[in-house]
Amino acid sequence: MRVLDHPLAPELARQRLKALADPLRLQVLEVLAGGERCVCDLTAELGLAQSKLSFHLKVLKEAGLLADRQEGRWIYYRLQPDAIEQLQQWLGGLVSHCRTPAPRCS
């Protein structure tokens with residue numbers, strides 16, 4: 001029985017949590033919390049090779065946590081606040097339901 005009735009599908013919640021489980025991807029999110037950034041800036045700030053960074057950006061984008069836009073030859077990434085808020089609400093639902101006491105055994 002599912003306790004939570006939330007618009008965030010369980011598969012999407014799993015995908016987002018899995019994307020957040022990697023320390024480098026968390027660093028990317030922390031950097032992007034300051035606003036949209038170009039890939040060239042992200043590689044310099046995080047000290048990552050572009051190929052490694054591209055892999056992590058792809059995972060975050062596929063999880064719906066990032067959006068991108070291209071301007072000339074540069075790609076800019078930004079957080080998707082709605083996706084983060086959905087995950088936050090889903091986790092909040094877990095918190096509120098986990099405090100429900102068990103029914104009495106008969």
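Here's a quick briefing on the overall build of this protein and on one of its histidines. It's a predicted model, so local features need pLDDT of at least 70 and side-chain atom pairs count only at pLDDT 80 or more, while totals for chains, interfaces and linings use all residues. Residues are numbered from 1 along each chain as its sequence is written, and side-chain values use heavy atoms, with hydrogens and water left out.

**Overall build**
- The protein has 5 helices and 3 strands, where helices (H or I, at least four residues) and strands (E, at least two) are DSSP runs numbered from the N terminus.
- Starting at the N terminus, the order is α-α-β-α-α-β-β-α.
- The radius of gyration, taken over C-alpha atoms, is 17 Å, well over the 13 Å that the globule rule gives for 106 residues, so the protein is more spread out than a compact globule.
- That rule is 2.2 Å times the number of residues to the power 0.38.
- Along its principal axes, the C-alpha trace spans about 65 × 20 × 20 Å.

**Burial and contacts**
- Of the 106 residues, 30% count as buried, meaning under 20% relative accessible area with a 1.4 Å probe, protein chains only.
- Take the contacts (heavy atoms within 4.5 Å) with a separation of 6 or more: 55% of them join residues 24 or more positions apart.

**A look at histidine 56**
- Histidine 56 sits in helix 4, which covers residues 50-62.
- Why does histidine 56 count as buried? Because its relative accessibility is 6%.
- Leaving aside neighbours within four places in sequence, histidine 56 touches Asp22, Leu24 and Arg25.

Technical notes:
Buried means under 20% relative accessible area, exposed over 50%, partly exposed in between (1.4 Å probe, protein chains only).
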